[in-house]
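Subject: Structure handover

Hello,

Please read the notes alongside the coordinates.

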Amino acid sequence: MARLRKGIPTGRRARPRQVPRLRFGFRGSLPGLRWSDGGGLAAGTIPETDRVAIETAAIKRAPSVRLAAVTDWAAWHTPYDDPDSALSHRLRAVRAEVASGLDRASEGPVRLLSLCAGRGLDVLPLLSVHARGPDVRGRLIELDARNVEVSRSLAPDGIEVPRADAGSTDTYIDAVPADLLLLCGIFGNISDEDVARTAGAVPQLCAPGATVVWTRSTHAPDLTPAVRKWFAEAGVVETAFVTEGAGGWAVGAGTFHGQPQPLVPGCRLFTFTRRPPA
Ligand SMILES: C[S@@+](CC[C@H](N)C(=O)[O-])C[C@H]1O[C@@H](n2cnc3c(N)ncnc32)[C@H](O)[C@@H]1O
């Protein structure tokens, strides 16, 4: 993790006060992240200091421009190739909680719902090795076609991977109530209000006793205390909260013991604040 943080300090010093702070899901520059002032430069291909200089110049050129974060969600997965990356450390923590959820699951089919599933790496590889893997059925919802393709290639029978907008409750129809709900890599990319709304929707998404696994970085201002409270208010009893340390990733998990509610279709739980490349 120390390695990932290295790129940040020079950027901070070089940036004037009025420049909006970059908000990454993780501290440090991840491949595929890029910032757009209309030009669309790929940050993954330029040094951090140059990127900050470019960003600063863009602000000076057009002070009113609100920079929109553009993320290549396929390239975002690249750090998973390095077992020592912070993202791989987080992945292992997530998998451990997913495995615990499968250990706890009642006999019979285990219904899985993963929102913004990416390549499904947090759960699909587990299914072939965990004793309950053959019982798992469900849906991984993902918008990026390249990630969908990878997930589909890894998914066993009974797991569907629609290319769809996971922010809309319409995409959960027939996939809830879930026994295992994964909300990983979402909460750093949506507004705090959307995080609260999504946590508050757990009673619509989960069966009694279901396991919920979520992630959020702890970079300041650390939202994880609020996230834990929102899940608790939704009836999720925390079973784990693992962090890499201040400013690093956090993985939370819990079991749902609240009052289940019927799914309300046609609702928007969240909208990503980063947009994919044009
Ligand atoms: C930070 S990545 C997390 C991927 C995966 N859950 C993980 O933790 O490895 C966010 C993922 O959400 C996807 N995504 C973004 N907006 C989405 C939406 N509205 N509906 C479904 N997926 C979305 C992106 O394509 C990307 O794969």
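The model is predicted: local features need pLDDT of at least 70, side-chain atom pairs count only at pLDDT 80 or more, and totals for chains, interfaces and linings use all residues. Residue numbers start from 1 along each chain as its sequence is written.

Sheet

Helices (H or I, at least four residues) and strands (E, at least two) are DSSP runs, numbered from the N terminus. Two strands pair if DSSP finds at least two bridges between them. Seven strands form an open sheet in the order 6-5-4-7-8-10-9, and the pairing is mixed. Strand 6 (159-160) and strand 9 (236-243) are the edges, each pairing on one side only. Strand 9 runs antiparallel to strand 10 (residues 249-256), with seven bridges joining them; V237 stands opposite T255 in strand 10.

Strand 4 (residues 110-115) has six of its six residues buried, so it is largely enclosed by the rest of the structure. Here a residue is buried if 20 or more other C-beta atoms lie within 10 Å of its own, exposed if 12 or fewer, and partly exposed in between, with C-beta atoms placed from the backbone. In a regular strand, side chains alternate between the two faces of the sheet. Strand 4 is covered on both faces: V110, L112 and S114 are buried on one side, and R111, L113 and L115 on the other. Its pairing with strand 5 is parallel over six bridges, and L115 has I141 in strand 5 as its bridge partner.

Helix 6

In helix 6 (residues 145-154) the buried residues are N147, V148 and S151. They lie on the same side of the helix because they cover an arc of only 100° around the axis, the arc being that of the directions from the helix axis to the C-beta atoms. A145 and S153, on the other side of helix 6, are exposed. The buried residues of helix 6 pack against helix 5 (124-127) and strand 5 (136-141), where contact requires C-beta atoms, placed from the backbone, within 7 Å.

Ligand

The ligand is surrounded by 19 residues, and the closest are W73, C116, G118, D144 and G185. The shell has ten nonpolar, five polar and four charged residues. Ala, Val, Leu, Ile, Met, Phe, Trp, Tyr, Cys and Pro count as nonpolar, Asp, Glu, Lys and Arg as charged, and the others, Gly among them, as polar.

Regards

Notes: Contact = placed C-beta atoms within 7 Å. Near = placed C-beta within 6 Å.
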